[in-house]
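Please look over the chain below. A short report on its packing follows.

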Amino acid sequence: QMARRPFGQRLGIVEDMDHNEGAYRRVGFMQTVMIEWADGSAVSGRLVSGAREPGVVLAHGAGVGQDHPGITTIRDGLAAAGFPVLTFNYPYMDAGRGGPDPASRLLAVHRAATAWFREHVTDRMVLAGRSMGGRMASMLAAEGEPCDALILYAYPLHPAGKPDRLRVDHLERITVPMLFFVGTRDRLALPELVDRHLRTLPNATVVDIPDADHSFKVPKRTGRTWDDVMEEVVARSVEWLERL
């Protein structure tokens, strides 16, 4: 079992704001990068380098950006195990706008992030994402974006309160392994629909997080904290990556 200490203490991260390309492969080195995409604009990214493969491109959810603890905890935990991880902001998040960009724009930027990672780090990659970012990753994979696997944290199976509006049609077109982390109290992934539509996918592994909501928070009565849950999530992710 992984020692319980803050994730930020697991990895001595040195941040370079000068975009020194030689740092892209230095283990445990975090670099702020700019990722150009289709319309000539660029979004910000953070790369933590590592010596192991595959690498991970990790996308944020609708309400928070790449520097939110829900993303950085996963990033730093995977990087502590030696896997290079790239996070990035979608354009609306960098611009400080309230709502997400249209899906076509999100996908264009996400595709540019995978191309950047393939050019600068490795072409062996896992597309990962939390909530909306995971949905975009899965849509890219369904379109044929090359990747080794998918890790989908709190996949938004349907909008909250609208279980009839399922977001599953494209999932059966994905041929690579998929790892889902799902809270059993997630209002965007009702358990009976998870059983019917995710657990039945032939190349999917579904990890249930007991009592967790969409943010992976659990009630105090469980005796567990969000940090405890995230430590388990990272540990299971690392174990799965090591088997690819």
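**Overall fold**

This is a predicted model. The chain holds six helices and nine strands. It has 244 residues, of which 55% count as buried. Take the contacts in the chain with a separation of 6 or more: residues 24 or more positions apart account for 66% of them.

**Helices α3 and α4**

Two packed helices are described by the angle between their axes and the distance between the axes. Helix α3 covers residues 103-120, and helix α4 covers residues 132-143. Their axes come within 10 Å and cross at roughly 75 degrees. Angles of 65 to 115 degrees count as roughly perpendicular, so α3 is roughly perpendicular to α4.

Which residues make the contact? From α3 come Ala103, Leu106, Leu107, His110 and Arg111. From α4 come Met132, Gly133, Met136, Ala137, Met139, Leu140 and Glu143. By class, the residues of this contact divide into eight nonpolar, two polar and two charged.

Glu145 is found in the loop between α4 and β7. Is Glu145 buried or exposed? Its relative accessible area is 13%. The limit for buried is under 20%, so Glu145 is buried. Not counting residues up to four places away in sequence, Glu145 touches Arg111, Thr114, Arg118, Leu127 and Leu140. Arg111 and Leu140 also belong to the contact of α3 with α4. Glu145 and Arg111 are 34 residues apart along the chain, and their C-alpha atoms are separated by 7.9 Å.

**Aromatic rings**

A pair of aromatic rings is described by the distance of the centres and the angle of the planes. The count in this model comes to three aromatic pairs. Two of them are described here.

Tyr153 and Phe181 form a stacked pair, with 5.3 Å centre to centre and 10 degrees between the planes. Tyr153 lies in strand β7 (residues 149-153) and Phe181 in strand β8 (residues 178-183). The pair links distant parts of the chain, 28 residues apart.

Tyr155 and Phe180 have ring centres 5.9 Å apart and planes at 90 degrees, so this pair is edge-to-face. Tyr155 is in the loop between β7 and β8, while Phe180 is in strand β8. This pair also links distant parts of the chain, 25 residues apart.

| Residue | Relative accessible area | State |
|---|---|---|
| Tyr153 | 1% | buried |
| Phe181 | 1% | buried |
| Tyr155 | 1% | buried |
| Phe180 | 0% | buried |

Arg130 lies over the face of Phe216, at 5.9 Å from the ring centre.

**Two helix residues**

Thr72 has its place in helix α1 (residues 69-80). Its relative accessible area is 16%, and Thr72 is buried. Leaving aside neighbours within four places in sequence, Thr72 is in contact with Gln66 and Asp67.

Where is Asp228? Asp228 sits in helix α6 (residues 226-243). At 15% relative accessibility, Asp228 counts as buried. Asp228 and Lys217 are eleven residues apart along the chain, and 9.8 Å separates their C-alpha atoms.

Definitions and conventions. Residues numbered from 1 in each chain as written. Predicted model: local features only at pLDDT ≥ 70, side-chain atom pairs only at ≥ 80, totals over all residues. Heavy atoms only, no water. Axes fitted to C-alpha atoms, helices over the stretch in contact; angles between N-to-C directions. Helix = DSSP H or I, 4+ residues; strand = E, 2+ residues; numbered from the N terminus. Parallel < 35°, antiparallel > 145°, perpendicular 65-115°, else oblique. Contact = heavy atoms within 4.5 Å. Nonpolar A, V, L, I, M, F, W, Y, C, P; charged D, E, K, R; others polar. Buried < 20%, exposed > 50% of the residue type's maximum accessible area, 1.4 Å probe, protein only. Phe/Tyr/Trp six-rings, centres within 6.5 Å; stacked < 30°, edge-to-face > 60°. Lys NZ or Arg CZ within 6 Å of the ring centre and 35° of its normal.
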